[in-house]
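Visitor: I am new to this one. Could you show it to me, and may I ask about it as we go?

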Amino acid sequence: MSDDLNAVFQGPGRDFIGYGRNAPDVVWPGGARVAVNLVLVYEEGSEYSWLEDGRNDNWGEYNIPNSPPVRDLGTETHFEYGSRAGVWRLARLFDRHQVPVTVSACAVALQRNPDVVAWMKARGHDLLGHGLRWSEYWTLSRAEEREQMRRANELYRSLLGVHPPGWNCRSFPSVNTRDLIIEDGEFLYYSDPCNDDIPYFVEHAAGRLLVVPYSKTLNDSRYLIAPGYGNPRDFAEDCRSAIGYLLEDAEEAGGKMLTIAVHARWTGQPNRASGLREVIDFVNRTEGAIFMRRQDIARYWLDNHASFLPRG
């Protein structure tokens with residue numbers, strides 16, 4: 001087997017069982033049954049660009065499969081909208097409703113916009129590590145990914161004074177990412193897997209790693225793909241439906257967590273921000289649903305549910 005082919009088969013094993021048919025009966029703070037983690041994804045200034053990389057990114061306002069081999073000012077300025085206007089529209093919305101959020105930010109993006117760092121510190125929002133830049137980690141060697149993670153963590157510490165408690169890659173991790181998270185030794189949790197509704201532990205040679213699952217389901221990238229969100233009402237109704245169903249399901253299956261992810265350049269647009277405002281209003285008036293930062297979900301799990309182990 002070639003080295004390239006062998007690399008494909010490395011990485012974590014698969015678990016099709018998890019907690020199985022009888023999931024643990026989870027209760028969140030205050031008796032809540034659904035913990036909603038609202039993630040603000042901040043990537044602007046860390047994406048691929050012609051000036052820095054000799055290539056363009058393809059996730060501005062349009063998902064362009066084949067970017068032209070010239071500088072793409074349209075995509076560049078779509079990203080700039082997120083850092084110049086979108087992030088502040090969302091910040092005002094979160095501040096107005098006093099919503100605790102998790103900021104999934106690339107380190108270089110934060111470095112290029114110090115006011116975002118200041119806002120995170122002032123409001124107590126937590127960090128989810130999202131890479132040095134918005135890189136395609138599945139294309140990197142293990143050594144390259146390790147070095148980018150090291151540099152990112154140093155930059156996060158210099159900007160925010162903390163090592164990121166968790167980590168989530170662009171799109172999907174490489175086969176090496178989980179091992180590098182364990183090797184680092186300073187992460188509280190890991191958030192690349194999208195395979196459950198509640199946290200769980202994975203065993204490794206030095207102990208166990210807490211996984212706080214992510215989700216691509218309630219993600220505003222669906223404004224750019226088909227089938228997806230045609231308008232903000234679609235996004236809001238999708239989120240409300242998920243929360244409502246989980247609240248009903250909790251009677252039989254226990255409490256759950258739910259990730260809702262929005263990007264500064266996409267939901268920071270005024271029409272889409274209106275859909276997110278509807279979701280925030282819904283959670284705030286719905287008994288049994290609460291907003292929690294991702295770090296707080298992880299710590300609550302460690303303090304209260306550390307004995308819950310998947311069967312797989």
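Visitor: How many nonpolar, polar and charged residues are in the lining of the largest cavity?
Guide: By class, this lining has 2 nonpolar, 3 polar and 4 charged residues. Here Ala, Val, Leu, Ile, Met, Phe, Trp, Tyr, Cys and Pro count as nonpolar, Asp, Glu, Lys and Arg as charged, and the others, Gly among them, as polar. This is a predicted model, in which local features need pLDDT of at least 70 and side-chain atom pairs count only at pLDDT 80 or more, while totals for chains, interfaces and linings use all residues. Residues are numbered from 1 along each chain as its sequence is written, and side-chain values use heavy atoms, leaving out hydrogens and water.

Visitor: And where is P173 found?
Guide: P173 lies in the loop between β4 (166-167) and α7 (177-184); helices (H or I, at least four residues) and strands (E, at least two) are DSSP runs, numbered from the N terminus.

Visitor: What does P173 touch?
Guide: Leaving aside residues up to four places away in sequence, P173 touches W138, Y190 and D192, where contact means heavy atoms within 4.5 Å.

Visitor: How far apart are P173 and E136 in space?
Guide: They are 8.5 Å apart, C-alpha to C-alpha, and 37 residues apart in sequence.

Visitor: New topic: which strand does β1 pair with?
Guide: Strand β1 (residues 34-42) pairs with β7 in the parallel sense over 8 bridges; two strands pair if DSSP finds at least two bridges between them. L38 stands opposite I260 in β7.
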